Amino acid sequence: MVKRIFLFYLLIVAVLPAAQAIKPEDVKPVKNLILLIPDGTSLATVSAARWYQFYQHPDRPKLYIDPYLCGTVRTTCSDAPIGDSAPTTSCYMTGYPSLAGYVSTYPVSRGADDIIPMDPARAYQPLTTLLEAVRMLQGKATGLVFTCEFPHATPADCAAHSYNRGRYDWIVPQMVHNDLDVVIGGGVSLLSDDEEAYLKRNGYAIYRNDIEGMRHDTGLKMWALYSDRDMAYDLDRDPVKEPSIEEMTRKAIEKLSENEKGFVLMVEGSKVDWAAHANDPVAMITEFLAFDRACHAALEFAEKDGQTLVVVVPDHGNSGFSIGERNCPSYSKMTTEDLFGPITQMKHTAEGIAKRLNESPSAVAQQIFREETGFELSPEELKTLHHCKGYKNSPVPEAERTDKDVLPSLYSSSLNTFVAKFITSKTCFGFTTGGHTGEDVFLAAYHPAGTLPTGMNINVELNHYMAAALGLTGKLDDLTALNFAPHTQALDGYTYDIIPPATEKGNPTLVVKNKKKQLTITPFTNIVKAGKKGQEEIRLQSVIIYVDANQTFYLPKSLKDYLK
């Protein structure tokens, strides 16, 4: 009984902020939307980035986002206050809370643990995203910019559906077949030759590790990918090989804005989150500053354009980062020089320094630390480094390396982690965890008519705001019902068979028959084969999803039209 009363209280609390923030019906319509997400960015990271910039450039005390800060966002999942990127970005994209690991998919109800009650009958149903909706209903262009690999949780949330964020074999083909106009980011190794051929047949220019190709491309459709998986941290980035997130954002806007009907672009500063997981303060700060420059590009365009809404919001916090740490004596009396001087000496991230260490003989390790951090290792620190199992060039044979008689505060089997701990030890910054955190995150926005989402918003409410600005209020649900109906409903009255996959990792095939026609349906693309030999190809406006957990295909109801 107590738990039910508590749930009732939570529901009331969930409704109250909507009365304080702007009502969807009061939001002025816009032509374009640019949503920028600095993944895993807690407010302390923003503060540290601002101080870091000010220390180096006293004439720049504020970030580009600062004039647009307008509120906060609660980043809850459907059953927990703390979430990962998949369900929290899903909230922005679909207007529904979801579970850990779910990519734009209706969650399984957790009963009394649901923060907002969920409908058990809808579990696993794909949920239409903002990008899918504007393409289908309004003919707008859509694009993604990111620094992780393209099927990673946040970009995937915009154009794919899965209850398992790790199933790239389900997510990649969806993103390829979801008619995104511009995709720029990491993941060269994840785009197969067949998928590249499909994109080329449909008018896309494809660039793999080809920065000049991307820069000089003048077409409207493009995929430009860099690095096998994630792109380099901005501080480690080779500008000859990889563009900055600012440049990628400008290029995407340049192309998408050619569409007279408008566009929606999602830009993710992906690796602020990765740096926070690694407890690497220099990477967190410099990644956020690189992201802030991308925000500047978006805001600059929006203010000139006069028809563009810009929303800047993290998906969740990460790491419990703090400026000031209990083991640092008198940190509260330290000067700007004391607090931020050491971190600005770091030439690369922990990952970048670790890479250099593993490419150099151990005899120059001290020189590398001097050049990269401004500090030398003490004898105890050097010994701890030598016993790190991830240090390929250690003079200590791998079989003899141990965590005994080393500094426990610095020791790690991972070289990246050792370096991150060393960097942090030279500052007065602290971390409480290497995982996500549940505090509210900042919200910044620019609206040409000034109708801003002020105050505290729940993440699903932010979707309602953006949907209202795009003229989509209520329409995401309509599209979900039309395009993602369970096959038992979509094919009611027709005969069909589900053919098991040929291999353990394969997917089943759905074959629908009547006297005159046959449809062969394979999941995770928008292509349906018609005819007994599959000689005719039908291209749908939405992707087809198969969920093995409930053995259900999710299909557009319009498929029946092809059987008539």
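Predicted model: local features only at pLDDT ≥ 70, side-chain atom pairs only at ≥ 80, totals over all residues.

**Stop one: Ser98.** Select Ser98, in the loop that runs between helix 3 (85-94) and helix 4 (130-138). Is Ser98 buried or exposed? Its relative accessible area is 1%, so Ser98 is buried. Now show its side chain, which reaches the backbone oxygen of Thr105 at 2.7 Å. Beyond its neighbours within four places in sequence, Ser98 is in contact with several residues, including Cys77, Cys91, Tyr106 and Pro107.

From Ser98, move to its contact Cys77. A disulfide needs the two sulfur atoms within 2.5 Å. Cys77 counts as buried because its relative accessibility is 2%.

**Stop three: the disulfide.** A disulfide is a covalent bond between the sulfur atoms of two cysteines. How many does the structure hold? The structure holds 1. Select Cys328 and Cys428, which it joins with an S to S distance of 1.6 Å. This pair links distant parts of the chain, 100 residues apart. Cys328 is in the loop between strand 10 (322-323) and helix 12 (336-344), while Cys428 is in the loop between helix 16 (415-425) and strand 11 (429-430). Both Cys328 and Cys428 are buried.

**Last stop: Cys295.** Finish with Cys295, which is in no disulfide: the nearest cysteine sulfur belongs to Cys70, 13 Å away. With 0% relative accessibility, Cys295 counts as buried.

Note on methods: Residues numbered from 1 in each chain as written. Heavy atoms only, no water. Helix = DSSP H or I, 4+ residues; strand = E, 2+ residues; numbered from the N terminus. Buried < 20%, exposed > 50% of the residue type's maximum accessible area, 1.4 Å probe, protein only. Polar contact = N/O pair within 3.5 Å; in protein donor to acceptor, adjacent residues only side chain to side chain. Contact = heavy atoms within 4.5 Å.
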